[in-house]
Amino acid sequence: MTRLLDITGLRAGYATVPVLHGIDLHLDAGEAIGLFGPNGHGKTTLLHAVSGLLKPTAGCVRFDGQDITGAKPSAIVAAGLVQAQQGNTLFGDMGVQETLELAAFNTRARSGWQTRLEEVQALFPRLAERKRQRARTLSGGERQMLSIGCALMCNPRLLILDEPTLGLSPRLKGELREAIAEIARKGVPLIVVEQDVEFLLALSSRLYLVEQGEIARMINRADAPDHKEIMEMYFGEQAH
Amino acid sequence: MDGVLIPTLVSGLLLGSLYALMASGLSLIWTTLGVFNFAHGALMTLSAYIAWTVSEQFGLGLVMGFVAGVGAAVIAGVLIELLLVRPFYGNRNMMLITVMTTLAASTILERGISMIWGPRLKQLPRTLDGQVSLLGAPVSAHEALIIVLAPAVLMALWWYTGRTRSGRSLRAVGQNPGSAALIGIDVPRTFSLAFGLSAALAGLTGVLLGSIRFVTPGLGADPLVNAMIVVIFGGLGSLGATAGAAYVIGLLEALLVLWLGLYWTPSVLFVALILVLVFRPNGLFGKAT
C-alpha cells in the first residue's frame with residue numbers, strides 16, 4: 001500500500017507555549033485511522049498543524065510523497081488534504097446551498113461539483129431541505145453536517161474530521177456516525193478525532209492515543225483493548 | 001421655494017449616487033478585512049489626476065484617461081494592502097493600526113500629488129455633453145449618467161458578491177477567515193482582491209467627480225468623511241444598507257444646504273449620525289443582532 005500521510009517528529013504550539021512534542025503518525029491509502037485522548041492534549045493543534053492553519057516549529061508532514069510542512073492552507077486543500085473543523089459555524093450569513101457550492105473552490109474540486117453536491121445531499125437530506133437557510137440559524141447537528149458536506153465538496157483525497165459529534169444528542173450522534181461510516185465505505189481515507197473509542201474501533205484500522213502532546217499509544221484493531229482498559233487509559237489506574 | 005425644491009432633490013440624488021459609489025468601496029474592504037481604508041479618497045484623487053494627464057496632457061482621450069486612472073488606483077490600492085495592511089494581519093489592534101497606516105498613505109499620496117501636479121486647478125472633460133431634464137429640472141447629461149451609473153454598479157456588485165465564486169469568497173473570508181482557508185480559499189489573495197476592487201470603485205468615482213468639481217489634491221478626501229458617515233449610518237456591512245444610507249445622506253445634505261446653508265450642514269449631519277446610533281446602534285438599516 002502507498003503511504004498517503006506521513007508525519008514525523010511534528011512539533012507545534014501557540015506563541016511561546018509548545019503543545020506538540022514530536023508526533024509520529026502515518027496513514028496508508030484507503031485506510032481510516034482514529035485519534036482520541038483527553039481534551040487539551042493537542043489533538044486539534046495537531047490537525048491545525050497538518051492543515052496549515054498553524055505553522056509547525058519542527059518536524060515534517062508529507063502528503064502523497066509531497067512535503068507540505070508549513071504550506072498555505074489553500075495549497076494543502078488543493079492537494080486534497082481537507083479538514084472539517086470542530087463545532088464550526090462556517091459563514092453565518094451565507095445560505096446552505098451557497099456555502100456548499102463555494103466549497104468546491106479548489107481547481108481539483110471544480111469539475112463534477114454538481115455530482116458531488118448531489119452525493120452530499122443524499123448523505124445529509126437535511127441539507128437539501130434547508131438550501132436557502134442561513135448557516136447561523138442551523139442547529140448544532142445541521143452545522144456539523146454542513147461542515148462535513150463542505151469538506152466533501154472540496155473533493156478530498158484525505159478527509160480529517162475533528163470531533164464531528166461533539167455536543168450532539170444521542171440520536172443525532174448516531175445519524176452522523178452512520179454518515180461517516182458511509183463516507184469510509186466509499187473509500188475516502190479518513191482521520192477521525194472522537195472520544196468514543198468503540199465507534200473509532202468499528203470505523204478504523206488503527207487508533208492513536210494523544211496525550212500531553214505526544215502519541216502515548218498506538219492500537220491496532222486486531223489487538224484492541226476492552227472497555228476497562230480504555231477507561232484506564234483515560235483516567236489512570238486509580239480511577240476505579 | 002417650489003422652484004428650488006426639485007433641483008435640490010436632483011442634486012441630492014447626484015450626491016447620493018457619488019456617496020453610494022464611494023461607500024460601497026469602503027464597505028467592500030470593511031466586510032472582507034474589518035478595516036477602514038482612510039486612503040480611499042486619495043485613491044480617487046490619484047485616479048482623477050492620472051486620467052487628466054492621459055486624457056488632456058497626452059491627448060489620448062477620456063476613455064484612455066478613464067482606463068489609466070482606474071488602473072493606477074487599483075495598483076496603488078493593492079500596494080497599500082500589501083505594504084501597510086498585510087503586516088498587521090492577526091494583530092489584536094489591527095483595526096486601529098490600519099487607521100494610522102491608511103491615513104499615512106492618504107497623506108503621502110496627497111502630498112505626492114501636489115508635488116507632481118502643482119497647485120493649479122484642473123478639470124476633466126464631461127463624459128457626455130448636453131442637458132437632460134429630470135423631474136422637470138435641467139441636469140447635465142454627465143450628471144444624469146452618474147445618477148444612472150451608481151445603481152447599475154451597485155447591482156453589479158450585488159450580483160458579483162452573491163452569485164460568483166470569487167465574489168462569494170470575499171464574503172466567506174469576511175465572515176470566517178479560518179473556515180474559508182480550510183475550504184481552500186487563499187485568504188491573503190482574497191484580501192488583495194478586496195482592496196483592488198475597492199480601489200477600482202474609488203478610481204471610477206474619482207474620474208466621474210473630476211469633471212463635476214475641480215481636480216485638487218483634496219478631491220477625494222473632502223467627501224470621504226461623508227462617505228464614512230454613510231457606511232456607519234447604514235449599519236456596517238450589507239451592500240443594500242450602504243446604498244440606502246448613501247441616498248438618505250445625499251438627499252439630507254442637499255436639503256440641509258438649502259435650508260441651513262453650507263456652514264452648518266456638516267455639523268447637523270454628524271448630529272443626525274449620533275442620534276441614529278443612539279436609537280439604532282446597528283445603523284439605520286442594520287439588523288439588530
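## Aromatic pairs

Mentor: This is a predicted model, and across all its chains it holds 5 aromatic pairs.

Trainee: Which kind of pair do B:Y263 and B:W264 form, stacked or edge-to-face?

Mentor: A pair of aromatic rings is described by the distance of the centres and the angle of the planes. For B:Y263 and B:W264 the centres lie 5.5 Å apart and the planes stand at 85 degrees. Planes over 60 degrees apart count as edge-to-face, and therefore the pair of B:Y263 and B:W264, with its 85 degrees, is edge-to-face.

Trainee: Are B:Y263 and B:W264 buried or exposed?

Mentor: The word exposed is kept for residues with over 50% relative accessible area. Both B:Y263 and B:W264 fall into that class, and the answer for the two of them is exposed.

Trainee: How is chain B built up, and what is its radius of gyration?

Mentor: Chain B has 11 helices and 2 strands, and from the N terminus on its elements run α-α-α-α-β-β-α-α-α-α-α-α-α. For 289 residues the globule rule gives 19 Å, and chain B comes close to this, so it is as compact as a globular protein of that length; its radius of gyration is 19 Å.

Trainee: What share of the accessible surface of chain B belongs to carbon and sulfur atoms?

Mentor: Buried residues make up 54% of the 289 residues in chain B. The accessible surface of the chain comes to about 12800 Å², and the share that belongs to carbon and sulfur atoms is 71%.

Trainee: How many helices and strands does chain A have, and what is its radius of gyration?

Mentor: Chain A has 10 helices and 10 strands. A compact globule of 240 residues would have a radius of gyration near 18 Å, and the value for chain A agrees with this, being 18 Å.

Trainee: Why is helix α3 of chain A said to be largely enclosed by the rest of the structure?

Mentor: Helix α3 of chain A spans residues 96-103, and among its buried residues are A:V96, A:Q97 and A:L100. The buried residues of this helix pack against α5, α6 and α7 of chain A, together with α5 and α6 of chain B.

Trainee: Which residues does A:Q121 contact, leaving aside its neighbours within four places in sequence?

Mentor: A:Q121 lies in helix α5 of chain A, residues 113-123. With a relative accessible area of 16%, A:Q121 is buried. Beyond its neighbours within four places in sequence, the residues in contact with A:Q121 are A:Q97, A:A128 and A:K131.

Terms used: Residues are numbered from 1 along each chain as its sequence is written. Chains are lettered from A and ligands numbered from 1 in the order in which they are written. This is a predicted model: local features need pLDDT of at least 70, side-chain atom pairs count only at pLDDT 80 or more; totals for chains, interfaces and linings use all residues. Side-chain values use heavy atoms; hydrogens and water are left out. Helices (H or I, at least four residues) and strands (E, at least two) are DSSP runs, numbered from the N terminus. The radius of gyration is taken over C-alpha atoms; the globule rule is 2.2 Å times the number of residues to the power 0.38. Rings of Phe, Tyr and Trp (its six-membered ring) pair if their centres lie within 6.5 Å; planes under 30 degrees apart count as stacked, over 60 as edge-to-face and the rest as tilted. Buried means under 20% relative accessible area, exposed over 50%, partly exposed in between (1.4 Å probe, protein chains only). Contact means heavy atoms within 4.5 Å. Accessible areas come from the Shrake-Rupley method with a 1.4 Å probe; for residues, only the protein chains shown count as cover.
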